Amino acid sequence: MVLLAMLQDLAAAAPLDAAAVPASTLTLATPAVLFLLQLCAAALAGRIAVRRLGTGVLVAAFGVAAACALLGAAAQLAGPWRGAGLLWAVARVAEAVALAGAAWACWRGRRLLWGAGGAALLLIAAAVCEWRNPFDGAELMAVVLRIGAYALLGHGWSAARECPLPESPVQEAEDQWLAVLRQLPGGITRLDRQLRIRFINETHARWFGRSVEDLLGRSLAEILPPERYERLERHLHQALGGETVVFDNQVPLAPGDVRYRHNTMVPERCSDGSVQGVLYFVIDVTERKLAELALAEQQSRLRSLVEAIPDMVFSKDCDSVYTSCNQVFADFIGVTPQQIVGMTDYDMVLPAIADNLRVEDRQVMESGEPLRSERKVASLRRDVAIAFETIKTPLRDAAGNVIGVVGVSRDVTERKRAEREIEQLAFYDTLTGLPNRRRLLSQLEEAVWVAAATGSHGALLLINLDHFKNLNDVLGHDAGDQWLQLVAQRLQRGVAANRVLARLGGDEFAMVLNALGGDAALAAQAAREVATALLEQLAQPFDLTGRRHYGSASMGIRMFSQPALPAEELLQQASLAVDHALQDGRNTLRFFDPAMQQELSASAALEADLHEGLRLRQMLLHYQPVVDTQGRMLGAEALLRWQHPQRGMVSPAAFIGLAEQNGLILPLGEWVLRAACEQLAAWSQQPVMRDWYLAVNVSARQFRHPDFLAQVDLALAATGANPCRLKLELTETMLLRDTEDARDKLARLKARGMGLSLDDFGTGFSSLGYLRRLPLDQLKIDQSFVRDMLVDANGAAIVRTILGLAQSLDLDVVAEGVEMPEQFAFLLGNGCRAFQGYLFARPMPVHDLERLWGAGR
């Protein structure tokens with residue numbers, strides 16, 4: 001409103017003709033100067049506006065103002081004409097608006113406000129002088145004031161150029177992103193629909209071998225070789241069609257220098273979704289690609305090497321699932337190598353063999369050590385069994401963790417056959433097929449070593465056929481050979497699992513009896529019984545080509561145990577015993593050791609004392625604690641002792657075998673079971689002792705007795721003992737005989753809540769099969785293994801194997817015979833959690849046990 005009033009006022013007061021304009025001062029020079037000054041004002045105002053405000057509506061407004069100022073100056077030059085006064089007034093106002101706009105632009109820069117404002121005031125004063133003409137020289141003064149205003153405005157322009165306005169936040173963010181894109185290690189290019197470069201960072205420009213400025217605005221077809229552009233063109237058109245394209249390519253830079261690039265082309269879309277260009281991202285992956293190619297070449301060489309090996313090569317993961325194999329392995333199974341991947345042994349071989357292979361895998365992965373084994377394997381798809389020698393090794397990752405198993409299996413069927421043929425020729429008698437003297441000596445040495453190591457007894461029986469020379473002389477050597485063959489057949493009928501039969505030559509045969517027990521007298525008695533049975537068989541008539549022949553034999557027996565003697569020496573001593581038998585009339589047997597009869601007499605006396613000891617209640621129980629890893633008592637094992645008035649404290653090793661033989665073991669076992677239950681009932685009344693368990697050894701004869709379960713029930717019912725605190729310890733041998741009956745009894749005992757422990761595990765014929773089938777709770781590592789594990793690598797390996805096996809079958813383990821801290825530390829480090837031995841406590845009477853351990857030790 002103020003501006004409108006000013007225009008009306010100026011128009012009314014403006015001169016309409018030449019007479020209205022002062023003629024005294026209106027000269028030709030004055031309009032010319034005013035025109036130049038107004039032109040400068042308009043240009044300066046527009047320049048400041050563009051610099052401060054940017055292009056747009058404001059620039060247009062200032063352009064109009066500048067045009068009006070120019071028209072005003074033209075009106076002054078043209079002289080008086082109708083309407084010139086109004087145009088002069090509009091020009092003055094436009095000049096003020098232009099100057100005010102310049103001042104506002106300066107204010108946005110936070111500077112120059114006062115200089116621009118002063119210039120505007122001077123222009124207003126000049127306009128007043130021209131408008132009213134109150135005195136002579138006013139027009140000249142207006143010119144001077146306008147010159148001063150333009151001087152101030154020029155000073156403001158100069159200062160404005162030295163003080164640029166901060167960029168807007170959008171522009172600042174855009175500049176930051178452009179700076180980031182320029183510094184990225186990969187190449188980035190922005191293309192329009194004509195595939196002209198609108199943006200490219202320095203990395204990509206450097207790969208093209210040009211500068212950024214040289215590439216902007218140019219198309220890819222101009223800067224790329226034709227063959228390279230042809231390879232990219234299809235991908236570019238896919239991106240322009242709206243697809244995201246990802247591909248790898250090779251870029252040859254020079255002979256022998258090839259770079260590998262990973263390319264990504266993304267369509268750039270407008271706000272309406274249409275594609276306006278392509279964003280092209282490139283990453284140099286040469287180092288990675290070269291590493292991949294090197295690895296692939298190495299794997300190819302390894303694969304070629306594996307395929308060239310005539311043996312079967314395979315690998316499995318931690319679950320025994322096959323992950324790879326060579327063609328030889330696949331051919332044996334009857335499928336392709338690709339089909340093998342993902343299969344298990346149960347898909348290839350019989351379940352029993354697969355179980356053993358799975359156990360081997362676990363052993364290798366748990367121990368971290370290679371394992372060598374031999375077995376016959378038959379594929380489910382092929383009706384053939386082949387003997388393989390296999391070496392399995394743990395497969396590890398880069399960090400050293402076991403991630404599976406790698407194995408190599410070699411077909412040793414032909415080698416085994418050749419070995420058997422060589423062995424047959426070298427170690428077997430061609431006439432009878434029995435082992436020869438050489439083979440016998442080898443097996444005898446092994447039997448002697450085992451007997452010395454285990455403390456058991458064995459026997460060597462040397463058999464000499466009576467009057468064999470007479471048969472040869474009368475009936476001929478063919479009849480003699482036939483008799484030898486028939487004798488071998490009869491002797492073989494009496495060969496059990498623990499016996500070895502051989503022909504030494506001529507009319508001499510030999511038999512080795514193993515594992516006759518730890519009692520020398522009982523072992524000698526067993527050897528006598530076997531020898532007597534053999535003599536009876538050989539006394540039966542033989543049919544020699546239609547003729548009946550009656551023969552006999554003389555026999556010498558040499559017992560062996562500790563210390564171990566050379567096999568040749570034992571054979572010589574047995575031969576001396578045969579000589580004594582021949583001297584005593586033939587068809588008889590003689591022991592080499594003359595003290596054997598004395599031992600038999602002593603055994604008879606011990607048997608009589610044992611009967612008396614049972615009647616007089618001379619038996620008692622001692623208890624040896626079983627402790628945990630912290631030395632806290634978990635329970636105890638009840639150990640039988642015989643307090644003899646003359647013999648003193650007799651170890652069970654001295655009379656248990658005799659009791660087994662004469663049947664006294666049944667009343668002994670029943671008494672032990674009853675006494676143990678009474679002790680459990682007494683402990684149940686004591687807070688510290690009520691959680692103790694008590695282990696009782698059960699003999700084979702006692703376990704097989706039909707009334708054994710009834711005896712157990714009677715003992716529990718009579719004493720009120722908790723069956724869950726009673727643990728029965730059994731040996732391996734008693735479970736191997738009549739396995740089904742044993743499993744049924746164990747299941748019924750288990751149902752009553754009793755614990756079942758396998759004693760002296762590993763000393764007998766340990767079988768993984770019965771461990772899996774029988775409802776056992778605990779394994780006891782025999783003290784012989786514990787004693788030797790620190791000095792014998794095999795013993796240590798056996799202990800680790802037992803612990804690993806028990807863990808896999810979820811069985812508790814008790815290590816017996818722990819006597820040294822080093823043994824305890826070894827067992828503890830390999831996962832054992834229960835211990836028994838002199839390191840913790842010796843067997844002791846119950847009152848000593850309760851006094852030492854009942855206080856919560």
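# Close-up views of a predicted model

**View 1. The second largest cavity holds about 110 Å³ of space.** The structure shown here, as in every view below, is a predicted model. This cavity is lined by 13 residues, and those closest to its centre are His 204, Phe 208, Arg 228, Arg 261 and Tyr 280. Two or more lining residues come from each of the helices α8 (202-208) and α11 (226-240) and from each of the strands β3 (245-254), β4 (257-269) and β5 (275-284). Sorted by class, the lining has 8 nonpolar, 3 polar and 2 charged residues.

View 2. A search of the whole structure finds 3 cavities of 30 Å³ or more.

**View 3. Phe 314, Tyr 322 and Phe 329 are linked into a cluster by ring pairs.** The count of aromatic pairs comes to 13. In the pair formed by Phe 314 and Phe 329, the ring centres are 5.4 Å apart and the planes stand at 45°, so the pair is tilted. Phe 314 belongs to strand β6 (residues 312-317) and Phe 329 to helix α13 (residues 327-333), so this pair ties together parts that are 15 residues apart in sequence. Phe 314 is buried, with a relative accessible area of 4%. Phe 329 also counts as buried, at 4% relative accessibility.

View 4. At least two lining residues come from each of α15 (351-367), β22 (726-730), β23 (755-761), α29 (768-773), α31 (793-808) and β25 (812-815). Helix α31 supplies the largest share, 11 residues. By class, 22 residues of the lining are nonpolar, 14 polar and 8 charged.

**View 5. Lys 780 is placed in strand β24 (residues 778-781).** Is this lysine, Lys 780, buried or exposed? With a relative accessibility of 1%, Lys 780 counts as buried. The side chains of Lys 780 and Gln 836 make a polar contact at 3.0 Å. Apart from neighbours within four places in sequence, Lys 780 is in contact with Glu 637, Glu 729, Ser 757, Leu 758, Asp 759, Asp 760, Phe 761, Val 814, Glu 816 and Gln 836.

**View 6. Leu 610 sits in helix α22 (residues 596-615).** Leu 610 counts as buried, because its relative accessibility is 0% and the cut-off for buried is under 20%. Which residues does Leu 610 touch, not counting those up to four places away in sequence? They are Met 619, Trp 642, Phe 655, Ala 659, Leu 664 and Leu 668. Leu 610 and Leu 658 are 48 residues apart along the chain, and their C-alpha atoms are separated by 9.2 Å.

Key:
Residues numbered from 1 in each chain as written. Predicted model: local features only at pLDDT ≥ 70, side-chain atom pairs only at ≥ 80, totals over all residues. Heavy atoms only, no water. Helix = DSSP H or I, 4+ residues; strand = E, 2+ residues; numbered from the N terminus. Buried < 20%, exposed > 50% of the residue type's maximum accessible area, 1.4 Å probe, protein only. Polar contact = N/O pair within 3.5 Å; in protein donor to acceptor, adjacent residues only side chain to side chain. Contact = heavy atoms within 4.5 Å. Nonpolar A, V, L, I, M, F, W, Y, C, P; charged D, E, K, R; others polar. Phe/Tyr/Trp six-rings, centres within 6.5 Å; stacked < 30°, edge-to-face > 60°. 1 Å grid on protein atoms, 1.4 Å probe; cavity = no way out; pocket = protein on both sides within 12 Å on 5 of 7 lines; lining within 4 Å. Points joined across faces, edges and corners; volume = space filled by probe spheres on them.
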